[in-house]
Amino acid sequence: MEKARISSIQMFLLLLGFLFGSTVILAPAQGAKNDAWLAMLLGGAGGTLLMWVYAAIALLNPSKTLVDILKEKMGKVVGNIFAVLYTWYFIHLASLVLRNYGEFICTVTFPETPMVVVIGLFAVFLVYAINSGIEVIGRLSELLVPVIPLVVLIISLSLITVHDFTAFLPILGNGMTPVLNAAFSFITFPFGETVAFLMLFPHVNKKEKLKKVVLLSAAISTLIGIILFFRDIFVLGSDLMARATFIPHLTSLLIPGFNVESLVDINLLIGGGVKISVCIYAAAKALSQIAGIGDCRKLTGAITTFCVVLSIWVYENVLEMFKWAEKVWPYYSTSFQIVIPLLLLLLSLWKKSKPSDAGAES
Amino acid sequence: MIIVLAVFAILISYDLQRFIRKKERARVFAIYAFLMAASLTVGLLLAAGRRPLSPSQWIEAILRMIGVLK
């Protein structure tokens with residue numbers, strides 16, 4: 001295994017950047033409309049629990065990646081099949097985030113530029129970062145991720161004069177069902193996507209802090225998500241918010257006196273960059289482990305090229321992107337994010353308790 | 001279409017000379033060739049305006065078939 005090590009703070013910031021990812025432009029849990037904050041609270045609690053499961057799997061299998069764990073717990077053949085499916089999942093996830101980035105930039109910032117150029121150029125920088133190693137991505141996140149909450153703070157404070165503090169009322173006007181559906185969506189996007197970190201957790205130098213790091217990043221991400229929701233609904237109102245495509249961007253346009261639109265682009269560049277880098281790194285590492293190739297960097301170029309093509313191919317237009325993310329993604333990703341990890345946790349706990357039982361009997 | 005071919009030619013020639021110099025194993029070449037061939041095929045089809053059914057549509061169809069989506 002690669003001997004690269006990243007500190008707990010770098011892992012915390014990587015997780016935070018990953019969780020922000022495209023949520024910086026796509027407000028999650030919008031299915032619940034006015035009650036999205038409630039859905040975020042419930043989904044945040046569920047997501048934190050899910051991330052705790054991932055951390056527990058990593059701690060029960062120290063120094064092992066997801067592929068190693070799958071092979072060990074499920075056998076070589078079945079483990080390899082699941083590992084290939086996970087590789088596909090990471091590549092698909094990277095492509096979806098690349099597409100989110102491309103759609104946003106081509107709709108808002110560079111409407112005349114072809115999307116493939118925007119996505120391709122971004123991918124070139126990301127390949128360079130990934131090939132530099134996980135330590136470099138960790139250090140980059142240390143440098144850049146703190147900018148995200150700072151930008152959120154700047155935009156939120158700038159809008160303090162244009163708030164309607166009753167815009168989120170009435171509470172539970174449409175009943176509990178939309179809230180529960182949105183909470184489930186919020187678990188799968190973004191929390192469940194951190195399953196990719198099972199390929200990175202072996203690189204953390206202080207394993208004893210892993211659970212703390214994971215719980216803290218999930219809690220802070222939920223908190224900032226809720227702050228963002230309240231900011232957006234106080235400024236836009238629920239009707240406009242339901243009709244807007246890129247909600248945080250629209251909010252940033254309403255600041256009286258000056259234009260901070262580019263700050264939203266910066267947030268997406270950082271959050272999206274971290275998320276895509278982690279996904280491509282996880283895919284390259286998984287594929288190299290399946291094929292028995294020592295250095296995963298040999299495959300990053302080909303995987304990134306495939307991701308760029310897939311990101312253009314995957315949706316016909318922005319409406320299909322939003323529809324798919326809302327209707328299909330939560331159900332498609334459930335098996336990767338919840339079912340298989342829970343199975344791995346049970347198998348890890350079972351195999352851990354087995355030798356001690358045998359020892360007690362002897 | 002020519003642009004797509006040119007971009008792939010540059011990418012493949014850059015990577016292949018690196019692989020040959022380092023005498024990489026056959027499986028590296030095989031995985032690389034598979035990924036690049038898939039990307040090139042889809043890239044050319046997209047450039048020609050003949051977009052094949054995307055993986056998202058396959059996934060949606062499968063989920064509908066097994067009754068997860070209605």
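Author: Two residues are in contact if their C-beta atoms, placed from the backbone, lie within 7 Å. Keep that in mind for the chain interface. The model is predicted.

Reader: How many residues of chain B are in contact with chain A, and with how many residues there?

Author: The size of an interface is often given as the accessible area lost when the parts come together. Here we use contacts. On chain B, 23 residues take part, and they touch 21 residues of chain A.

Reader: Which helices of chain B supply that side?

Author: Helices α1, α2 (26-47) and α3 (55-65) of chain B each give at least two residues. The largest share comes from α2(B), with eleven residues.

Reader: How do the residues of that side of chain B divide into nonpolar, polar and charged?

Author: The side of chain B that touches chain A has 14 nonpolar, four polar and five charged residues.

Reader: Now packing within chain A. At what angle do the axes of α1(A) and α6(A) cross?

Author: Two packed helices are described by the angle between their axes and the distance between the axes. Take helix α1 (residues 8-20) and helix α6 (residues 134-144) of chain A. Their axes come within 8 Å and cross at roughly 70°. An angle of 65 to 115 degrees counts as roughly perpendicular, so α1(A) is roughly perpendicular to α6(A).

Reader: Which residues make the contact?

Author: From α1(A) come A:I9, A:Q10, A:L13, A:L14 and A:G17. From α6(A) come A:G138, A:R139, A:S141 and A:E142. By class, this contact has three nonpolar, four polar and two charged residues. An α-helix has 3.6 residues a turn, so residues three or four places apart point the same way.

Reader: Next, helix length. What span should α12(A) have at 1.5 Å a residue?

Author: Helix α12 (residues 261-291) of chain A has 31 residues and should span 45 Å; its end C-alpha atoms are 45 Å apart, so the two agree. Just after α12(A), A:G292 has a positive phi of about 75°.

Reader: Is α12(A) mostly covered or in the open?

Author: Mostly covered. Of the 31 residues of α12(A), 25 are buried.

Reader: And how many residues of α1(B) are buried?

Author: Zero of 20, so α1(B) lies largely in the open. This helix (residues 2-21) reaches 28 Å from its first C-alpha to its last, close to the 28 Å expected. B:K23 follows α1(B), with a positive phi near 50°.

Reader: What pLDDT does chain A average?

Author: Chain A averages 88, and 97% of its residues score at least 70. Over residues 358-362 of chain A the pLDDT is below 50. Beyond near neighbours in sequence, that stretch has zero contacts in the model.

Conventions
Residues numbered from 1 in each chain as written. Chains lettered and ligands numbered in written order. Predicted model: local features only at pLDDT ≥ 70, side-chain atom pairs only at ≥ 80, totals over all residues. Axes fitted to C-alpha atoms, helices over the stretch in contact; angles between N-to-C directions. Helix = DSSP H or I, 4+ residues; strand = E, 2+ residues; numbered from the N terminus. Parallel < 35°, antiparallel > 145°, perpendicular 65-115°, else oblique. Nonpolar A, V, L, I, M, F, W, Y, C, P; charged D, E, K, R; others polar. Expected span 1.5 Å × (residues − 1). Buried ≥ 20, exposed ≤ 12 C-beta atoms within 10 Å, placed from the backbone. pLDDT = per-residue confidence, 0-100.
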